[in-house]
Structure formats: structure tokens, C-alpha cells
Amino acid sequence: MSQLVLPIFPPAEFREEEFIADASNEAALRWLEAPERWPNRRLVLAGPLGTGKTHLLHIMAARNGWELRDGPALRGLPPAPRRGVALDDSDMPGEEAALFHLVNACAEAGHPLLMAAPRPPAAWPVRLPDLRSRLAASGLATVEEPSDTLLEALFRKQLAERQLQLDPAVLAAVRLRLPRSAAAVAEAAARLDRASLAAGRLTRPIALAAIEPLAADDDPETAGSDPVRQGPALL
């Protein structure tokens, strides 16, 4: 009888000293240095999944004593904020009217409101015209996909957090098959973790099979030396 393995992960920790500054987040970091300069004391932090937006929200909340809230949990009339608010998944509020109330409450109290989402507000499916206009009157800071150096650091960090140790040759083979995106790196670490729990060890075939659905369109082992074809792969 095979044993069912249930992975148990500790809650994510977002320490300021562990955030890695990079050209991809340089502009956003400049915005975050001065909340008093945000238009209407509001800022939207937009960027692809896995690029550190939630980490930055936690840093700003800890640094300034702000409340951390979650967009999908917003329903009805949200509790009046007593200080600044850092709102994750702002583009997916439980109720659109609740987000509207929170935006207004922060503005009336003069509290900063930092919102994070994968896309800028212009791309959110907002139906309330008044909410749309308030979001448009907010500052916008964008985070881009990380540089190769940062992707490498992120991948190693996520493997270390899961206590995964890959043979250097296996790690290199995995990296070559991953697209240059933070989301792909995060998903690859999770898939490798599940594969390790199920198999007991990560051989090259097991590791490559685990990340196969994420692999770049062109396999670097079959793409030859053409650098254009090898472009989508990580490092």
C-alpha cells in the first residue's frame, strides 16, 4: 500500500532584510520611499505574479505600522481603518462596493492606501464608475519580471525554504528549461518539492518530469547553439 504524503509548509515570512533590490523593482522602491507623495495618498503596486508585491506590502506594513488586508475578504462595510492600509489582491475584492468604501474611508481619514495587483487599475474589471475614477487618480508603481541574477537568487531561496538540495547538474538542467518569470520559478520549486516528497529523492529524470509542464517552448538540449531559440530559458 502506497503512503499518502501530505506536505506541510510553515507560513511565509516576509522580512525586509530578505527582499532583494533589482533593476526590475527599482522604480517601485522609489515610490515606496515617500508615501506622502502618493497622489491622494494612494498607490497601486502592479506587476507579474511572484515578483515580490506581497513581500513589499508586508515590509511597508511593518515599517509604518499599517494594517494588512486581503482584497477577496472585503465585503459589506469594511472596518474603518485607524492607520494606513496595505491591501493585497486589490483587483479581486469580495465585493466591489467594499473596496470603494475602503478607498473612501482611507481618503477621508488621510491614511495611506497601498494596493497590490498583477495588473494596473485600468485593466481591472471595475463596474462602479466612482471607484474607477478614484483608482485612476491613484499613483501607479510597476514591478517588472526579475533579472536573471534575481531569478537565480529567488529559485535558490525557494528551494532552501523547502529544504531541497539538488545536485548541481540537476539544478542546472532544471534552470535551463524554465522560462524567465518569477511565477515559473515559484511553481517549479513547488513541483520539485511535491516530487521529492513522493519519490524520496530528486534524480534528474524525476526533476525534469516534475517541471516539464513549465518548460520553455524550446528544449535547450535540442535547440542547438542558436541563442534566439534558447532565449526563453532561465539563465
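Modeller: Leaving aside neighbours within four places in sequence, serine 90 is in contact with Leu99, Met115, Ala116 and Trp124, where contact means heavy atoms within 4.5 Å. This is a predicted model, in which local features need pLDDT of at least 70, side-chain atom pairs count only at pLDDT 80 or more, and totals for chains, interfaces and linings use all residues. Residues are numbered from 1 along each chain as its sequence is written, and side-chain values use heavy atoms, with hydrogens and water left out.

Colleague: Why is serine 90 called buried?

Modeller: Buried means under 20% relative accessible area, exposed means over 50%, and partly exposed lies in between (1.4 Å probe, protein chains only). Serine 90 has a relative accessible area of 1%, so the residue is buried. Its place is in the loop between β3 (85-88) and α3 (96-109); helices (H or I, at least four residues) and strands (E, at least two) are DSSP runs, numbered from the N terminus.

Colleague: What makes the pair of tryptophan 38 and tryptophan 66 edge-to-face?

Modeller: Rings of Phe, Tyr and Trp (its six-membered ring) pair if their centres lie within 6.5 Å; planes under 30 degrees apart count as stacked, over 60 as edge-to-face and the rest as tilted. By this rule there is one aromatic pair. The ring centres of tryptophan 38 and tryptophan 66 are 5.9 Å apart and the planes stand at 75 degrees, so the pair is edge-to-face. It links distant parts of the chain, 28 residues apart: tryptophan 38 lies in the loop between α1 (26-32) and β1 (42-46), and tryptophan 66 in the loop between α2 (53-64) and β2 (67-70). Both tryptophan 38 and tryptophan 66 are buried.

Colleague: Why are α7 and α8 called oblique to each other?

Modeller: Axes are lines fitted to C-alpha atoms, for helices over the stretch in contact, and angles run from 0 to 180 degrees between N-to-C directions. Angles under 35 degrees count as roughly parallel, over 145 as roughly antiparallel, 65 to 115 as roughly perpendicular and the rest as oblique. The axes of α7 (residues 182-199) and α8 (residues 204-211) come within 9 Å and cross at roughly 135 degrees; the two helices are therefore oblique. On the α7 side the contact includes Ala188 and Leu192, and on the α8 side Ile206 and Ala210.

Colleague: How do you know that α6 and α8 are roughly parallel?

Modeller: The axes of α6 (residues 168-177) and α8 come within 10 Å and cross at roughly 20 degrees. The helices α6 and α8 are therefore roughly parallel to each other. Among the residues that meet are Val170 and Arg177 in α6, and Arg204 and Leu208 in α8.
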